[in-house]
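I opened the model to look up a few sites, the core and the pocket. My notes are below.

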Amino acid sequence: MFYEYAIDPAVFTSFERFTRLLDAMEPGEGRLLNEYPSAWRTLVFEQLPKNAGTTRKRAELRLKDLGTRILRRRGATFDATQGWISNAMAENTRIPFKAVVVECGQDKTNLVSYEDLDAAHPLWAKFADFMPRDVDAIVKATEPIFRDARQIVLIDPYFYSLPDQRNLLEKLLAVASVDADVEIFCQERKDRRLLSPGFHRWPIRLREKQRLHVFVLRPSATNKRLHNRYLYTEFGGLQFGDAIRVGDGVDSLSLLSMQKVQVLREDYCKATTAFRVVEKFTLPPIK
């Protein structure tokens, strides 16, 4: 579903390559770019052709605008006495990338040459299958957007902290940052009972400084409908075809562009005007 890539700055020998690679490294494509090492953006900019006027300036702004969409691994090291490829493959041993993209491929499992990248290449192809509604499969497919996430948003009208829902969320939070802030948006029950007792009866296990905020919504006069199910972080997101929960069979998951995520951020937030917040509460970590 989501795949994490490391790209050698030496690959960026032209603005055409720069544009092609950054266009491909979008959450909506399922490909996530890792900023390895921490000076990756500077190294890429220095590699680009000089004396290109406004083209070079646009590239500089685009690198700057990557913002939180670029992954930054905690605990990653870089030995300046070694080349980029050696360092990247050492980091790949610690936490595997989907692929390490270099100028010329070598005889290594997931090291791939830039010239070999196309839609049919198994290390570059987008996810195009149904997802088993299995907790381990969902966590594995979405882990890259959770590993360093500080903001996690879950939107599901029927997310009432049932055991299978809680189990999935706990497994996702187990790979997220220890200080992640989690927001759940659900709708009030048809019998008008609010949801606090249900959530407190099935408390969700949080890590260290993690906090979980629940917002119970009712459509406002704008006639917005809380219907589709979404899950996203600052690194990317997806839409579930069914409910955000485990179960039998498979589900059809769709990747979200960051433009769609921004729309969701406007409708589902503490200051929402699309819905009326009829109840909200925060759960502390389990001691």
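**Ground rules.** I worked from a predicted model, where local features need pLDDT of at least 70, side-chain atom pairs count only at pLDDT 80 or more, and totals for chains, interfaces and linings use all residues. Residues are numbered from 1 along each chain as its sequence is written, and side-chain values use heavy atoms, with hydrogens and water left out.

**Entry 1, Asp-156.** I found Asp-156 in the loop between β6 (151–155) and α6 (163–174). Helices (H or I, at least four residues) and strands (E, at least two) are DSSP runs, numbered from the N terminus. Asp-156 counts as buried because its relative accessibility is 0%; buried means under 20% relative accessible area, exposed over 50%, partly exposed in between (1.4 Å probe, protein chains only). Its side chain reaches the backbone nitrogen of Tyr-158 at 2.9 Å. The side chains of Asp-156 and Arg-229 make a polar contact of 3.5 Å. A polar contact is a pair of N or O atoms within 3.5 Å; within protein, one must be able to donate a hydrogen and the other to accept it, and residues adjacent in sequence count only if both atoms are side-chain atoms. Leaving aside neighbours within four places in sequence, I listed contacts (heavy atoms within 4.5 Å) of Asp-156, among them Phe-185, Gln-187 and Ile-244.

His-121 sits in the loop between β4 (111–113) and β5 (131–132). Is His-121 buried or exposed? His-121 is buried, with a relative accessible area of 18%. A polar atom of its side chain lies 3.0 Å from the backbone nitrogen of Leu-123. Beyond neighbours within four places in sequence, His-121 is in contact with Val-112 and Asp-116.

A nonpolar core is a set of buried Ala, Val, Leu, Ile, Met, Phe, Trp, Tyr and Cys residues joined through side-chain atoms within 4.5 Å. The largest has 38 residues, and Ile-152, Leu-168, Leu-169, Leu-212 and Leu-231 touch the most other members. α5 (135–146) is one of the elements that each supply at least two residues. A second, separate core of 27 residues includes Ile-7, Phe-15, Leu-21 and Leu-123.

α5 supplies the largest share of the lining, 5 residues.
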